[in-house]
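Reader: I would like a close look at a single part of this model. Please keep it brisk and give the cut-offs.

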Amino acid sequence: MIEFVHRKDLDTGRWDELIAQSTAETLYPYSWYLDAAAANWSALVMDDYRFVMPLVWKKKYGLRYLYQPFYTQQLGVFSREYVDPTIIASMLALLQKKFRFAGINFNTKNLVGETGSIAVYDKTNYVLDLQHSYDKLFGSFSTNAKRNIKKAYQFNEHLEKELSCEQLVAFKKENDVIKRSEEEYQWLVYLLETIKKNSSGVVYASRDKGAISAAAFFGFSKSRAIYLVSASDGQGKKNRSMFKLVDAFVRDQARTEMILDFEGSNIPSVARFFAGFGAKPEIYQGISFNRLPLFLNKIRTHGRQA
């Protein structure tokens, strides 16, 4: 039996325990993460927390719709066991009755079947298994990545891990390629600080003559380290500083059970950067459906992740 459960009625202890033991365990579906990432979320719960699906939603013109919040790449159905596609189909059928529009991502362990009214599309993430020695991991780097790492170290920039979340976000704001509101940057500080409080997270930063040239936030779940936020200025790009930061992180985390999750990208140059570290592509699926009146179709892009 599938139940629609409001956030206030969820047993967060059982929820987070299931997420921690899920075959698709990652940061995004933990209750505390969703509380920080979204103003409203509910869930589908099946067979007494055997299968769960977080639902992040907004309301406009009196209609509720599902969307994928920023910095929350994958959600979908989570379980300790294999999730049969028929279970996903049943959940989607229920969602179509409760929501007029959806644009959401499932996780890498979910297989969503095509239906006439739901569009399904593949997306690519990049992941690197860190269980090997650094030398073996470095050996899998591309020739171009190795060359850029060597060049980055020649600049002798100072590497630090003491940068605050507020400093990182301020640096990102100065160098952001996407225009965002001040409220969005303040929210991002809150999200990163929440991760550090509830799980763990670290900021790697590089300084050129005392000024920050590149910085990246890595957030840890039980099994994954998420390359969640990054930024470089002009000098950092010239000095290949981000190559140095990722290489330093890989060196520090080598021989652990962690997976470095780059979150993927549809931008070819960014995808090449991830693949250059030996990261392998990992497919996950996105879906959308639309039952909106024609004059309301403009909300389709509202709230979608950029």
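Is Y227 buried or exposed, and what is its relative accessible area?

Author: Y227 is buried, with a relative accessible area of 7%. Buried means under 20% relative accessible area, exposed means over 50%, and partly exposed lies in between, with a 1.4 Å probe and protein chains only.

First, the ground rules. This is a predicted model, where local features need pLDDT of at least 70, side-chain atom pairs count only at pLDDT 80 or more, and totals for chains, interfaces and linings use all residues. Residues are numbered from 1 along each chain as its sequence is written, and side-chain values use heavy atoms, with hydrogens and water left out.

Now the rings. The structure holds 24 aromatic pairs. Rings of Phe, Tyr and Trp (its six-membered ring) pair if their centres lie within 6.5 Å; planes under 30 degrees apart count as stacked, over 60 as edge-to-face and the rest as tilted. Y204 and F218 are edge-to-face, because their ring centres are 5.6 Å apart and their planes stand at 75°. This pair links distant parts of the chain: Y204 sits in strand β9, F218 in strand β10, 14 residues apart. Both Y204 and F218 are buried. F218 also pairs with Y227: the centres are 5.6 Å apart and the planes at 50°, so this pair is tilted. The relative accessible area of F218 is 0%.

Next, the strands. Helices (H or I, at least four residues) and strands (E, at least two) are DSSP runs, numbered from the N terminus. Strand β9 covers residues 200–208; seven of its nine residues are buried, so the rest of the structure largely encloses β9. Two strands pair if DSSP finds at least two bridges between them. β9 runs antiparallel to strand β10 (residues 211–220), and nine bridges join them. One partner in β10 is F217, bridged to V203. The two strands form a hairpin with two residues between them. In that turn, K209 has a positive phi of about 55°. β9 also pairs with strand β8 (residues 158–160), again in the antiparallel sense, over three bridges. There, H158 has R207 of β9 as its bridge partner.

To recap, F218 takes part in an edge-to-face pair with Y204 and in a tilted pair with Y227.
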